[in-house]
Amino acid sequence: MTIPSLSLEQAPPISVPFRFFLSAPIFLLLAALALLAAGPDALLSRWTPEMLGITHLLTLGYMGMIMCGAMLQLLPVLAGTPVPNPRGVAWAIHLPLVAGTALLCIGLYASAMKLITLAVPLLAFAFAVFLATSIYSLTVKSKAHNVTTRAMLMAHIALVFTIVLGLLLAAAITGLLDLPMLELAALHVGWGLLGWTALLVMGVAYQVVPMFQLTPPYPKTLIRWLAGTLFAILALWSCHLLLPQPASSILAFVSEFGLAASISVFSAITLQMQYKRRRKVPDITLDFWRIGLICLLVASLLWLAGLVSSTVAESTFYALALGILFIAGFALSVIHGMLYKIVSFLVWFHLQGKLPIGKAPNMKDVVPDRVARRHWYAHIATLPTLLASALWPVLSYVAGAALLLSAGVLLANLYRAIGIYQRAMAKIAQQSSEPTSP
């Protein structure tokens with residue numbers, strides 16, 4: 001199914017995804033402010049309370065918010081299954097997700113256990129509604145059974161594991177359960193980043209990279225096996241904690257090597273496809289994807305270096321750099337790029353059915369490339385400063401300021417887009433209320 005086949009009746013109201021899209025950059029702003037407030041102390045380890053709070057502002061606050069909003073919009077397109085009662089479902093996810101994320105991040109940042117305890121039921125409810133809606137749409141109601149929907153389904157199963165592991169971690173942190181936190185944290189990170197995030201990006205990429213970026217199609221063998229292989233290796237890796245030594249270490253090494261190789265293959269082949277694209281004109285979405293895929297490739301190579309060198313793996317920079325490359329470099333870059341494409345399409349799509357032919361704004365005019373490129377420049381300035389701050393923590397203030405600028409430009413660009421839609425709708429309402437001449 002392609003985007004032109006989506007009818008206005010199938011699509012959710014524009015307010016459904018936009019409530020998530022407009023909330024997400026606020027968490028990005030909060031992450032920047034939190035980094036500026038914490039300063040170098042946040043970067044002493046990946047386990048500092050400040051770093052845990054900042055990381056969840058990026059992953060749960062920004063990435064999670066965008067992914068939930070995008071999935072509610074994309075399910076009718078990619079799976080052919082409109083979300084039932086989309087406004088009610090959106091409210092049931094959005095409000096507890098915003099409140100729960102805020103409470104959890106403040107609780108982690110300030111080591112306030114009571115706030116973490118309050119966040120758990122809110123987040124559990126929000127994700128239960130989201131997962132029930134999405135998995136039902138992808139399995140029971142879906143009219144499309146292809147590599148994209150299969151990858152998306154595996155990503156949602158990975159999210160189930162991520163949430164369960166996160167809830168167990170919260171119970172351990174607050175003292176409700178006595179559990180091995182380091183092992184649980186490793187599983188939580190693995191299923192969240194390599195499962196939910198990477199698998200979802202892969203599934204979406206199979207459709208949108210050839211469609212929007214005018215590249216050749218992905219190799220059939222790759223799209224048939226890569227997502228399933230990644231999921232299977234991730235499940236195998238999770239089992240190493242159950243084995244005695246040395247079997248545990250051997251399984252961990254082999255499976256981690258396989259995971260790093262899998263994401264390397266995806267990033268390298270996608271970059272090669274982009275190089276071969278049919279029409280080589282400037283495109284801001286392509287630029288965001290390209291920098292994201294390069295960061296993913298570098299992250300996988302750094303991961304492989306850590307597997308073969310204990311000196312690399314035991315350095316503080318190694319763990320922080322892996323997180324920065326994967327979260328800020330890969331995930332945020334790809335999400336930024338897709339966000340501009342989705343937002344511009346939604347504004348055009350919802351207006352073209354209500355305005356006379358030719359009067360709807362062109363997609364390129366909703367957020368022009370020159371406007372979006374300001375954000376791209378701010379983003380690519382943020383990445384090296386974040387990496388440098390992992391090596392020299394005193395530079396955290398520079399990195400925080402760059403991230404703050406990036407988040408602010410993104411928020412301004414999104415409000416520009418929704419402003420175009422609101423002004424057009426106000427004009428339509430005004431014209432419809434004017435009395436017709438006899």
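Asn85 sits in the loop between H2 and helix H3 (86-110). Helices are DSSP runs of H or I with at least four residues, numbered from the N terminus. The structure is a predicted model, in which local features need pLDDT of at least 70, side-chain atom pairs count only at pLDDT 80 or more, and totals for chains, interfaces and linings use all residues. Residue numbers start from 1 along each chain as its sequence is written, and side-chain values use heavy atoms, with hydrogens and water left out.

## Confidence

pLDDT is the predictor's confidence in each residue, on a scale from 0 to 100. The chain averages 90, and 94% of the residues score at least 70. Residues 1-8 are another matter: pLDDT stays under 50 there. The model still has 19 contacts for residues 1-8 beyond four places in sequence. A contact means heavy atoms within 4.5 Å. Where pLDDT is low, the predicted coordinates should not be read in detail.

## Backbone points in the loops

Asn85 has a positive phi of about 45°, although it is not a glycine. Ser111 also has a positive phi, about 55°, and is not a glycine either. Ser111 lies in the loop between H3 and helix H4 (113-139). Pro246 belongs to the loop between helix H7 (220-238) and H8. The peptide bond from Gln245 to Pro246 is cis, with omega near 0°.

Buried means under 20%, exposed over 50%, and partly exposed in between, with a 1.4 Å probe and protein chains only.

| Residue | Class | Relative accessible area |
|---|---|---|
| Met65 | buried | 0% |
| Ser248 | buried | 6% |
| Thr139 | partly exposed | 36% |
| Ser111 | partly exposed | 43% |
| Asn85 | exposed | 55% |

Met65 is part of helix H2 (residues 49-79). Leaving out residues up to four places away in sequence, Met65 touches Phe20, Ser23, Ala24, Phe27, Leu60, His94, Leu97 and Val98. Met65 and Arg19 are 46 residues apart along the chain, yet their C-alpha atoms are separated by 9.2 Å.

Ser248 is in helix H8 (residues 247-275). Beyond four places in sequence, Ser248 touches His240, Leu241 and Leu243.

Thr139 lies in helix H4. Its C-alpha is 36 Å from that of Leu115, 24 residues away in sequence. With neighbours within four places set aside, Thr139 is in contact with His145 and Leu153.

## The nonpolar core

A nonpolar core is a set of buried Ala, Val, Leu, Ile, Met, Phe, Trp, Tyr and Cys residues joined through side-chain atoms within 4.5 Å. Which residues have the most contacts inside the largest core? They are Tyr62 and Leu97, in a core of 149 residues. Helix H11 (residues 316-352) supplies the largest share of this core, 24 residues.

## Pocket and cavities

In a cavity a 1.4 Å probe fits but cannot get out; a pocket is an open set with protein on both sides within 12 Å along at least five of seven lines. Lining residues have an atom within 4 Å of a point. Points are joined across faces, edges and corners, and a volume is the space filled by probe spheres set on them.

The second largest pocket has a volume of about 450 Å³. Of its 24 lining residues, the closest to the centre are Phe212, Asp283, Lys341, Met363 and Lys364. Helix H6 (181-213), helix H9 (284-308), H11, helix H12 (363-366) and helix H13 (369-391) each supply at least two lining residues. H11 gives the most, with five. The lining has 15 nonpolar, three polar and six charged residues. Here Ala, Val, Leu, Ile, Met, Phe, Trp, Tyr, Cys and Pro count as nonpolar, Asp, Glu, Lys and Arg as charged, and the others, Gly among them, as polar.

There are four cavities of 30 Å³ or more. The largest cavity has a volume of about 220 Å³. Its lining comprises 15 residues, and Met67, Ala70, Val204, Ile335 and Met338 are the closest to its centre. H2, H6 and H11 each give two or more residues to this lining. By class, the lining of the largest cavity has 15 nonpolar, no polar and no charged residues.

Notes: 1 Å grid on protein atoms, 1.4 Å probe; cavity = no way out; pocket = protein on both sides within 12 Å on 5 of 7 lines; lining within 4 Å.
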